[in-house]
Amino acid sequence: MNTQPIRVLLVEDNELNRDMLSRRLTRAGFNVLTAIDGEEALILMRKVRPDVVLLDMNLPIKDGWTTAKEARLDPALQNLPIIALTAHAMESDRLQAIEAGCNDYATKPIDFPDLLQKIEEAVL
Amino acid sequence: MASFNPAVVMLPQGSALDYPHNTLRPQVFRTASTALDRYTGALKQCHDGWVDPVTQLTDTPIVWARTILELAEPLQKVLGTDLSAVDAMTQQDLKALHNALIRLRDISATEPSEHDILNAIGAVRGYAEMLKDDTVGLPDHLLQPITALASATHREMQETAAPFSPIMAADSPGIILAVDDMPENRELVSRLLAKTGHTVITAASGEEALGVLQTRSVDVVLLDLMMPGIGGAEVLRQLKENTDLRATPVIMISGRQDMDQIIACIQAGADDYLLKPFNPVLLQARIAAGIERKRWLDREDQYRQQLERNERFIRATFGRYLSDDIVEQILENPEGLELGGDLKEVTIMMSDIRGFTSISEHLPPQQVVAMLNRYLGRMTDIIFEFGGTIDEFLGDAILAVFGAPKSTGQDADNAVRCALAMRAALTEINHANTQDGLPAVDIAIALNTGTVVAGNIGSERRSKYGFVGHEMNVTSRIEGHAVANEILAAESTVAAVIGQMNLGDKRALQAKGIESALIVYPVEGYQS
């Protein structure tokens, strides 16, 4: 059995949410890395190779959709599971996230047990 | 209430269904399209009154925030007091909730964007849920209000597309690795530093930090001293042992009681320290100083790389003309080398193979080249051995100089010994030639001592370290008068030689273009 903690890259520009989610994920036993914008996220994806990426869509510098698309164009990141974090009311955001290449999505505010299940599915 | 524009609702389309990621995870797309159906259906039902079709929310986020804050007021009082009844980790979680509520209050007090408020409510909800669901043995007086808080925040929230929040730029934003086993501290540091535009990576242990450092380029490491597993001091030690990481500035973080160890860490190479609980302004200042230091070190590194490139250039430029020893000397002491043009007292040596033109006319070209390369290769080795600089090969002729770019103080002696060694080596070369069916050759060598101009001569596109001057021409004239197997030294060379020479009878040459007669001596032997 693989006992290494699952490495999650959490990409979220809002510090309150980032701190909270990072804390909850850490408490749930994940190894959490955080990034604030899409550029930083892509750098971390390439360098750290997380097991799964939680990607907020509304990010500064480079938004989540562009980030996901760019990740899919990189052969090394093609199969990296990406879960989009989308604003609840924006159905179009979610569809665009899937179209941009995200494997799954979770709506904000995050339903934590649901998110855990999605992470588990994504890294299986 | 945020306005909702139905035009932005994207209806399911064939193209979306065909997308490869959807075929990989069909359940995801099913969920998405079901949600969309629900959404568009609800939209139809409520197009009269303006109620968000999904959330059914009628109050605004600010009203909601106030409701939550009112509800949380008694809880906040408890959270602000002694929490020693619960374990340390739960204390941190409670503090995080406390802080999130304070943030929500602060945000609500200004003129907040809905996005900011909803994010703050989301954070409160997250902490409340975590405490409610994941904490074992939370006392009732905390559990009850927190459960109430969680459900008050657990209403479907609506959110508009977020405006891009601008990041305040620090003067020089950097990548900071914050290493601390306490999540609360990592959060605090992340929050403080992210605010000023730094990129913060966190690591929860020394092991993790060392792992991150392997893969990421970090400007400053904030390193907690006391951690389970690999402690801060050990991380520091390993970092300083690693040539790639040694230059990364490290700021140690610890409690006041660990001052002795902090001092030990600074002696071991830590750049700075901060005592807990640290002052945020001090943290920013020390990080800024650390980044500045890293930038300097990076520039220094670039400068060093530039020097290395220059060194490679010098090696490549001079390696063909100078022996390795001399290249090394120049590199070690570059200020002693004037390449721009310098008057130098040197001994010039010119040699050629007698009758080479007629030999080459009787041989196939490949054999000429083979013979010449054998000869020139051996001669080059000998010239380098005696510290000579080869100015030029002119067919079978070699023009070499002793005393430039560096004088050894016995350049004339070296030139004489070199000439004798070259002549002696011919026996061996001719033996090899004979075995290969090539003709044996004889050489003549001239030596002359005087002042020449040495420097990088040529055009910008093509230049080389070379020599010009009257004495170069004189050497060539002397060489014209030397017979086979003769070494003719000008009297200037004979005068410059320190050691003892066996000389033949002196001759006076009347060379073309040179007014006074040249006095030369055949050189037969040398003793130092």
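Two residues count as being in contact if their C-beta atoms, placed from the backbone, lie within 7 Å. Keep that in mind for L222(B): leaving aside neighbours within four places in sequence, L222(B) is in contact with I176(B), L177(B), A178(B), V179(B), V189(B), I251(B) and I253(B). Please also remember that this is a predicted model.

Now turn to chain A, where you will find five helices and five strands. Followed along the sequence, they give the pattern β-α-β-α-β-α-β-α-β-α. Of the 124 residues in chain A, 64% are buried. Among contacts in chain A with a separation of 6 or more, 57% join residues 24 or more positions apart.

Strand β5 of chain A, residues 104-108, deserves a look. Five of its five residues are buried, so the strand is largely enclosed by the rest of the structure. In a regular strand, side chains alternate between the two faces of the sheet. Here D104(A), A106(A) and K108(A) point one way from β5(A), while Y105(A) and T107(A) point the other way. Strand β4 of chain A, residues 82-87, pairs with β5(A) in the parallel sense over five bridges, and I83(A) has D104(A) as its bridge partner there.

I83(A) also leads us to the largest nonpolar core, which has 102 residues. The members touching the most others are V53(A), L55(A), I83(A), A100(B), V124(B), L177(B) and L222(B). Helix α6 of chain B, residues 114-134, supplies the largest share of this core, 10 residues. Domain 1 (61-153) and domain 2 (175-299) of chain B each contribute at least three residues to this core. Apart from it lies another core, of 48 residues, including A419(B), I429(B), M472(B) and V520(B).

Conventions
Residues numbered from 1 in each chain as written. Chains lettered and ligands numbered in written order. Predicted model: local features only at pLDDT ≥ 70, side-chain atom pairs only at ≥ 80, totals over all residues. Helix = DSSP H or I, 4+ residues; strand = E, 2+ residues; numbered from the N terminus. Buried ≥ 20, exposed ≤ 12 C-beta atoms within 10 Å, placed from the backbone. Pairing = 2+ DSSP bridges. Core = buried A, V, L, I, M, F, W, Y, C linked by C-beta atoms within 7 Å. Domains from an automatic or database assignment.
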